[in-house]
Amino acid sequence: MKLTIVKPLMAVMALLAWPVSTFAASEAPGWLQERMFASGKINTVVMVVGAVLIGIAIWMFALDRRIGKLEKNAKDKK
Amino acid sequence: MRTAEIAHLLRLEWQLDRRQKHVWGSMALYVVSTIYVCYHGVRHLTEVPIWNALFWIILLFAAFNALVRSFQRENQGRQLYLYTLASPRSVVLARTLYNGLIMAVLSLLSLGAYALFIGGAPLEAARLDIFLPVVVIGGTGFALVLTLIAALAARAGNGIGLMAILGFPIVLPMLLSLMKASKLALDGMGWNVTGQYVLWLVLIDLITVALAWLLFPYLWRD
Amino acid sequence: MKGWWWKGLSVVLLLYVVLVGLHTPLGPALVYASLDRIAPGPITVGATGYNTHFTKETPQVWLENDGYRVCAAAVDVHSDVLLQATFNVPPGLRSNMTSLWAWDATDGPVVLRDAFFTEELGKDLQGAGCTVSTTERSGFSFPNRTILNETIRNLFFHVPMWFTMMVLMTIAFVQSLLVLRKGNLAHDRMALSAVDTSLLFAALGLITGSIWARATWGDWWTSDPKLNGAAVTVLIYAAYLILRGSVPDPHKRARLAAIYNIFAYVLMMVFLMVLPRLTDSLHPGNGGNPAFSQYDLDSSLRAVFYPAVTGWVLLGVWAYTLHLRTARLISIADEANDR
């Protein structure tokens, strides 16, 4: 169970991190990059996208449970 | 539409309520005791926003208290009897209008009691020709919206608790615009500023009555 | 594969939105100046750019005050995003706010509006001052706006949530009308599924909005007509669910819930449409704020925003059908159990 979750999770995280790494990294000095990062606020975007994915995941789990109950019901019938 | 039938039902409501004097007493007592409790909490209020907000909150609860009995006083038998006599649309229209009238009176009475206990200082700078109509429209509007909700809650077989849960979110938009309009009137703003709010409140009232008229027959049916 | 195309379309559209929406760079902009007030005489200002390319070609840098331009006497480029400019500020500038501009061929004109408070004003300066290039840059990018910056991308992940919620609530409204017309429990199930699913998107809209508000307006929750409208909406549909829970008889429950839903939906729509127009709002298009169309004037945003709305709405409808089909199966199973 655990292993099956890890891979998609890593893929999602890579997808989220990709734009960050592509434009945040520049030749600017460290303090400046920090400033840019703060003023760029890309973290907020990452948080928002993350929140949407987590919300949908929670909803999927709820649906999963409903279907699970149905399956159990059907099995009991047999 | 049967105007005569509605007028007759209105008279019937009035006669029924006149016979039950304690109903009036309980409504008045509720408002006065609420205001009196607030008076002990705050003494005299001179700050306009708080004065305004407190007034509307008191009036809102008074409306809930007054209207919750609207559809609960009659038992199943009388409801059935009314059903055979009049069309459900006339019944709901008559009752909505009746509740609206009662709340119009009650809101003015509450304002009097409120000014007496909590202080009438904010009224001195106010445009009363705008503030008083807003109070009456607001009180009536609460009654119009809550009449259908009271009927729903009564049909669901669950009294004041359900009515509060169903009613609050629906009344909230109205309450927000009422507070805004009356605040502007208290600040002495003229019709050119408050006019759009008043218009919008009247619009909500009309839409509510139309919806009650459309939906009530389905509620009535068993 | 009949009936699948729109599900695929939603995935394709959302994939496009994630890739293009997150990967398109923001346009270059000036974001910071090391001074905040200027007075006549020589001054040296450090300016920080965002996604700029100062090293490719030394940019022209100038101050602009009420249409009068003062070009830099010397420009010293430290990096792509950092430069230092020296000005001889003449006395007698007309406005108390001065903007800082820079231009190079790669980035086009970039500006930090009202960057400096200006001292010692006068009326002597005439004309437009020095001449500068204003050729626009070419290339696909999102506009870089003050305060918003990168968060403008949230447009594709926050706003469509509300669109989706409204679509699902409209489905619930129509199904409620059908319940009253036909007295059919199947329509009641559809209304309930639509409400349930719409609450997911309402929650997502609130959470994403809250995060975005924290980053731009500095607070998790502000008293804003849009937010009040959203809160009222969530409360109404929570009340709808509670009403359903308190009526045991399914036919009566269907009818009462439908009546409440219709009543609430109509009042809520009127509220959502009218109230924001009457009060000030931090949201674009309301009160004193620039309209959304002005944000979208940049066709680059529109090229992602419209697919985003379509994609999210389709995904929402998909979620609704999944919910509905499960509910249908559950009710079939319940009936079989009762027998």
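Across the interface of chain B and chain C, the rule finds zero salt bridges, a salt bridge being a side-chain nitrogen of Lys or Arg within 4 Å of a carboxyl oxygen of Asp or Glu. This is a predicted model, in which local features need pLDDT of at least 70 and side-chain atom pairs count only at pLDDT 80 or more, while totals for chains, interfaces and linings use all residues; side-chain values use heavy atoms, with hydrogens and water left out. Residues are numbered from 1 along each chain as its sequence is written, and chains are lettered from A and ligands numbered from 1 in the order in which they are written.

What else can we say about this interface? Three residue pairs are in polar contact between chain B and chain C (both at pLDDT 80 or more). A polar contact is a pair of N or O atoms within 3.5 Å; within protein, one must be able to donate a hydrogen and the other to accept it, and residues adjacent in sequence count only if both atoms are side-chain atoms. On the side of chain B that touches chain C, the elements giving two or more residues are α7, α8 (160-186) and α9 (191-220) of chain B. Helices (H or I, at least four residues) and strands (E, at least two) are DSSP runs, numbered from the N terminus.

In contact terms (heavy atoms within 4.5 Å), 29 residues of chain B meet 26 residues of chain C. The two chains bury about 2,700 Å² between them, with 82% of it on carbon and sulfur atoms; buried area is the accessible area (1.4 Å probe) that two parts lose on being put together, summed over both. Of the area that chain B buries against chain C, 20% comes from B:I170, B:W200 and B:Y218, more than from any other three residues.

Now for the nonpolar cores, which are sets of buried Ala, Val, Leu, Ile, Met, Phe, Trp, Tyr and Cys residues joined through side-chain atoms within 4.5 Å. Buried means under 20% relative accessible area, exposed over 50%, and partly exposed in between (1.4 Å probe, protein chains only). The largest core has 154 residues, and B:F142, C:F156, C:Y260 and C:W312 touch the most other members. Helix α7 (residues 128-155) of chain B gives the most to this core, with 15 residues.

Leaving aside neighbours within four places in sequence, C:Y260 has contacts that include B:I149, B:L152 and B:I170 from chain B, along with C:I236 and C:Y240 from chain C. A second, separate core holds 24 residues, among them C:I43, C:L63, C:L100 and C:F116.

## Chain C and a buried arginine

Chain C has seven helices and nine strands, and 52% of its 339 residues count as buried. One residue to look at is C:R244, in helix α4 (residues 225-245) of chain C. Is C:R244 buried or exposed? With a relative accessible area of 9%, C:R244 is buried. Beyond its neighbours within four places in sequence, C:R244 is in contact with C:D188, C:L192, C:R253 and C:A257.

## Chain A and its partner

Chain A has three helices and zero strands, and 31% of its 78 residues count as buried. In its interface with chain C, 43 residues of chain C are in contact with 30 residues of chain A. Together these chains bury about 3,300 Å², 76% of it on carbon and sulfur atoms. C:L22, C:H23 and C:I211 supply 16% of the area that chain C buries against chain A, more than any other three residues. Here too, the rule finds zero salt bridges.
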